[in-house]
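Q: Can you walk me through this one? Keep it short, please.

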Amino acid sequence: MSLLDTVNQPDDVRRLTHEQLRLLAGEIRAFLVEAICRRGGHLGPNLGMVELTIALHRVFRSPHDRIIFDTGHQAYVHKLLTGRRAGFAQLRGSGGLSGYPRRAESPHDLVENSHASTALSYATGLCRAYALDGPDRAVVAVIGDGALTGGLAWEALNSLAGSPGRVVVVLNDNGRSYAPTVGGLAAHLASLRATAGSPGGRSGEATGSDFFQALGLRYLGPVDGHDVGQLEAALQQARASDQSVVVHCVTHKGHGHPPAEADDADRLHTVGVVDPGTGQPVGSPGRTWTDVFAEELVAIGGHRPDLVAVSAAMLGPTGLGAFAARYPERTVDVGIAEQHAVTSAAGLAFGGKHPVVAVYATFLNRAFDQVLLDVALHRLPVTLVLDRAGITGPDGPSHHGMWDLAMLGTVPGLRVAAPRDAASLREELREAVDERRGPTVLRFPKARVDSDIPAVERIAGLDVLRRAAAAQVLLVAVGAMAGPTLRAAELLAAGGVECTVVDPRWVRPVNPELAVLAADHALVVTVEDGVRDGGVGAAVAQSLADAAVATPVCALGLPTTFVPHGDRPDLLAEYGLDAHGICADVLRRLSWVGTGSRDASRRVRASVRSRLTPLAG
């Protein structure tokens, strides 16, 4: 029996000798490599967290003491040590173990929002609550140096020393988020490492860390993050302190796994199904939407010297890596700071440049105020490119990019494009960066991009993808939903129900021509991979109502709920957004629509255009 087989709860770790802990760390690494390479997940960050997590659970008594991970993708070892080894067989799959802390999985998980830079704020509030109630419970915030670049983390650091109670801030410094950490903080941490000579050298408390101490925080370190003995000693000292403490732990992302250590890009940060010996994908992953965007942006950059790419610590994952390699002087990485990214882009636009801010759709939620009042209020030509829009799949509720269409639809003067294929992505990206009257958004999913879907014709900016004589239903496909919507139309046609299928291309604001098309159909069905409440379908319904078009609108999309993790195709099918689900919904809605609705629509069609003209203006 291996040592890992004997560990089911943190108490089991506390009984082991230091020699046994060294062996346990090796077994954990071997387990992580095998399990993650088989299922996909966050490999590099967790390989660097093995000894640090062991030490945390030896010093602190979870769940009585609260350990908060920022971000949660570095908590796989924590899951192993808290009895969830069996769950790794279905890691990040539907109904399986989450790739982030999850309250429903274990009492050892408190915070499951995996957006970066939040742990210090959670911890500050939690220790204040404990100070008011009087329990002797330690609060530990484990935060990476990359997450510490976020503005929310700085706000929490500013208030931490003045808060009642004590927080142990465990700074997991591996010099990276995805790529190497940027900015003044990274330089400061590097100087602390250099002053100590090497991890585990002279204590930073003796040499002094002006930055943390000036904030009223005690500083310990740097500590070798792969030496359990040193880590335990530092954490015990922090636990006994009468003030909040920063324990600076130096770790190496991908530690102990040669393919990860040799990966200069991101130390195998996130992998799909890969060969554990090489770290290379098993089979061809196919061409993704991100690949197409990356190529086209480089091409546009060749004849647009005013184009500047802006990233929030994710040059590679959002497709900006190739642009950065070709045009480094026109590429800005601000760290994990989406608010700053958007407002600095506004500054670039004020200076005559056209910034392209590439960010995951879910992370743009954090910068809504900046989009609304720093960019849109000034009608600035800033292009936001939202990768991972809609259902992302295995990363779960905090990573699904399902809020953007509803959220951005409230921003005056902002236009949102949703390409349906690689060709339309290229075309709409060029249209976006050519726009000078205000901000634009381009959104696409985390998925392989399928074959191009040609249009039958283009009418006033709308692409008609399918026409049929005497069509009863107008299907409005938003972006990547075009494929399943067209397949649904074919299924319906086989059953005697003909449909027109259109791709609006620019989905917000609603193109007035949709009302003209809608007036000649008995039913309009919109299909989007965002929330239905306030989404494109709701906007289309309002547009038809404003134009006095009586055709009913059925909006298919995601419910206003937190969608769990799972495979993207499975989740889309579960919420009725595959071809069969769309087909079933259309048939159900048609059964509620009498022929009078279609006749009424035909009667008003002739006057719709004249009513729309002043509305469009």
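Q: Which residues line the largest cavity?
A: A389, P419, R443, F444, P445, V478, G479, A480 and D529 line the largest cavity. A cavity is a set of points on a 1 Å grid over the protein atoms alone where a 1.4 Å probe fits but cannot get out, and lining residues have an atom within 4 Å of a point. The model is predicted: local features need pLDDT of at least 70, side-chain atom pairs count only at pLDDT 80 or more, and totals for chains, interfaces and linings use all residues. Residues are numbered from 1 along each chain as its sequence is written, and side-chain values use heavy atoms, with hydrogens and water left out.

Q: How much space lies in the largest cavity?
A: About 40 Å³. A volume here is the space filled by probe spheres set on the points, with grid points joined across faces, edges and corners. The count comes to 2 cavities of 30 Å³ or more.

Q: What classes are in that lining?
A: The lining of the largest cavity has 6 nonpolar, 1 polar and 2 charged residues. Ala, Val, Leu, Ile, Met, Phe, Trp, Tyr, Cys and Pro count as nonpolar, Asp, Glu, Lys and Arg as charged, and the others, Gly among them, as polar.

Q: Which sheet order is β13 part of?
A: An open sheet of 7 strands, in the order β9-β8-β10-β11-β13-β12-β18, with mixed pairing. Its edge strands are β9 (331-333) and β18 (506-508), each pairing on one side only. Strands are DSSP runs (E, at least two residues), helices are H or I runs of at least four, and both are numbered from the N terminus. Two strands pair if DSSP finds at least two bridges between them.

Q: What joins β11 to β13?
A: 4 bridges, and the two strands run parallel. V385 stands opposite L442 in β13. On the pairing of β12 with β13, that is parallel too, over 3 bridges, and the bridge partner of V416 in β13 is V441.

Q: And β10 with β11, how many bridges?
A: 5 bridges, in the parallel sense, between β10 (residues 354-360) and β11 (residues 383-387). The bridge partner of A358 in β11 is V385.

Q: Which helix packs on the sheet?
A: Helix α19 (residues 422-434), touching β8 (307-311), β10, β11, β12 (415-417), β13 (440-443) and β18. Contact means heavy atoms within 4.5 Å. The direction of α19 makes about 165° with that of β13. Axes are lines fitted to C-alpha atoms, for helices over the stretch in contact, and angles run from 0 to 180 degrees between N-to-C directions.

Q: Now the 6 strands of the other sheet: what order?
A: β14-β15-β17-β16-β19-β20, an open sheet with mixed pairing. β14 (457-459) and β20 (553-558) each have a single partner strand, so one side of each is left without a neighbour in the sheet.

Q: What about β19 and β20, how many bridges join them?
A: 5 bridges join β19 (residues 523-531) to β20, and they run parallel. V525 stands opposite C554 in β20.

Q: Last one. Where is A584?
A: A584 is in helix α24 (residues 579-590). A584 counts as partly exposed, at 38% relative accessibility.

Terms used. On a 1 Å grid over the protein atoms alone, a cavity is a set of points where a 1.4 Å probe fits but cannot get out, and a pocket is an open set with protein on both sides within 12 Å along at least five of seven lines; lining residues have an atom within 4 Å of a point. Buried means under 20% relative accessible area, exposed over 50%, partly exposed in between (1.4 Å probe, protein chains only).
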